[in-house]
Amino acid sequence: MADQPLAGRVAAVTGASSGIGAATATALSRAGAAVALAARRRDRLEEVAQALESPSSIHEVDVSDEQQARSFIEAAHAEHGALHVLVNNAGLMLLGAVHGADTADWRRMLDVNLWGLLVCTHAALPLIAGSGGGDVVNVSSVAGRRADAGAAVYNMTKFGVHAFSEALRQEALHAGVRGTVVAPGFVETELQGHNTDPVVVRAMARSREQIGEVLEPEDVAEAIVHAVTRPPHVCVNEVVVRPTGQAR
């Protein structure tokens with residue numbers, strides 16, 4: 001159907017309980033895809049799934065746990081009979097100076113932003129190829145394109161997502177799997193609320209004030225759906241989406 005370009009396709013979305021992940025699951029469903037949703041908060045997943053327009057399944061998953069991440073991808077494929085799109089959206093943004101930082105926060109970001117993405121991708125690639133090809137979309141950030149004081153480790157994880165995504169794109173094209181990295185600017189999500197350092201909180205408030213109207217999760221979801229609905233010979237390698245008022 002013209003208004004459902006993803007009819008007959010199956011998508012798996014991590015971090016789908018809120019923000020960009022929930023908006024992306026909704027947009028993919030509206031485009032006709034069956035959607036498998038993964039996140040740690042089952043109650044929030046149930047709320048998102050109830051509003052979807054196509055078949056869906058929910059999976060309580062911590063992507064930093066390799067077995068849980070692999071099991072999610074395998075279950076999505078088994079339950080829906082195929083897998084065509086993986087959106088690696090789960091992520092953490094814990095900001096602050098390197099000096100005096102709680103290194104447990106670094107570990108959490110590395111485990112979710114990098115390790116979880118790697119494991120989900122590793123599990124999904126042969127399944128997507130075996131389903132006739134499709135897309136791996138990695139949600140990064142403009143923080144993966146430039147570094148700033150106070151965001152060093154977050155920058156490190158997101159620069160890593162960009163590097164991995166480009167190398168993966170070159171490898172996976174031979175299996176009919178397209179690779180896209182999406183780099184949003186300031187988006188109204190729960191990510192900012194993960195930070196309690198007063199210096200970080202004040203800096204984010206100043207940034208929001210300077211930008212004015214920030215992005216909504218749906219703005220990023222639309223960009224993701226655009227990428228995965230291109231004709232098979234077209235690969236959108238990278239999407240950068242900033243609020244109009246965001247300079248960098």
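## A walk through the fold

Of the contacts in this chain with a separation of 6 or more, 68% are between residues 24 or more positions apart, a contact being heavy atoms within 4.5 Å. Before going further, keep in mind that this is a predicted model, in which local features need pLDDT of at least 70, side-chain atom pairs count only at pLDDT 80 or more, and totals for chains, interfaces and linings use all residues. Residues are numbered from 1 along each chain as its sequence is written, and side-chain values use heavy atoms, with hydrogens and water left out.

Let's start with the overall layout. The chain has seven helices and seven strands, and reading along the sequence gives the pattern β-α-β-α-β-α-β-α-β-α-β-α-α-β. Both kinds of element are DSSP runs numbered from the N terminus: helices are H or I with at least four residues, strands are E with at least two. The radius of gyration comes out at 17 Å, close to the 18 Å that the globule rule gives for 248 residues, so the chain is as compact as a globular protein of that length. For the record, that radius is taken over C-alpha atoms, and the globule rule is 2.2 Å times the number of residues to the power 0.38. Along the principal axes, the C-alpha atoms fill a box of roughly 50 × 40 × 35 Å. Buried residues make up 49% of the 248 in the chain; here buried means under 20% relative accessible area, exposed means over 50%, and partly exposed is in between, using a 1.4 Å probe and protein chains only.

In other words, with the strands pointing away from the viewer, the path from the first strand over the helix to the second runs clockwise.

Further along, look at strand E6 (residues 177–184). Eight of its eight residues are buried, so E6 is largely enclosed by the rest of the structure. Both faces are covered: Val177, Gly179, Val181 and Ala183 are buried on one side, and Arg178, Thr180, Val182 and Pro184 are buried on the other. What about its partners? Strand E5 (residues 134–139) runs parallel to E6 and is joined to it by six bridges, with Asn138 standing opposite Val181 in E6. The chain crosses from E5 to E6 through helix H5 (residues 152–172), and this β-α-β crossover is right-handed. Strand E7 (residues 238–241) also pairs with E6 in the parallel sense, over four bridges, and there Ala183 stands opposite Val240 in E7.

Next, a few residues in the helices. Ser29 sits in helix H1 (residues 19–30) and counts as buried because its relative accessibility is 0%. Its side chain makes a polar contact of 2.8 Å with that of Ser54. A polar contact here is a pair of N or O atoms within 3.5 Å; within protein, one must be able to donate a hydrogen and the other to accept it, and residues adjacent in sequence count only if both atoms are side-chain atoms. Leaving aside residues up to four places away in sequence, Ser29 touches Gln4, Val35, Leu52, Glu53 and Ser54.

Over in helix H4 (residues 103–130) is Leu125, which counts as partly exposed because its relative accessibility is 23%. With residues up to four places away in sequence again not counted, Leu125 touches Val136, Leu168, Ala172 and Val177. Back in helix H5 you'll find Glu166, partly exposed at 33% relative accessibility. The C-alpha atoms of Glu166 and Arg107 are separated by 24 Å, with the two residues 59 apart along the chain.

Finally, the cysteines. How many disulfides does a search of the whole structure find? It finds zero, where a disulfide would be a pair of cysteine sulfur atoms within 2.5 Å. The sulfur of Cys120 has its closest cysteine sulfur in Cys235, 20 Å away, so the two are too far apart for a bond.

Technical notes:
Pairing = 2+ DSSP bridges.
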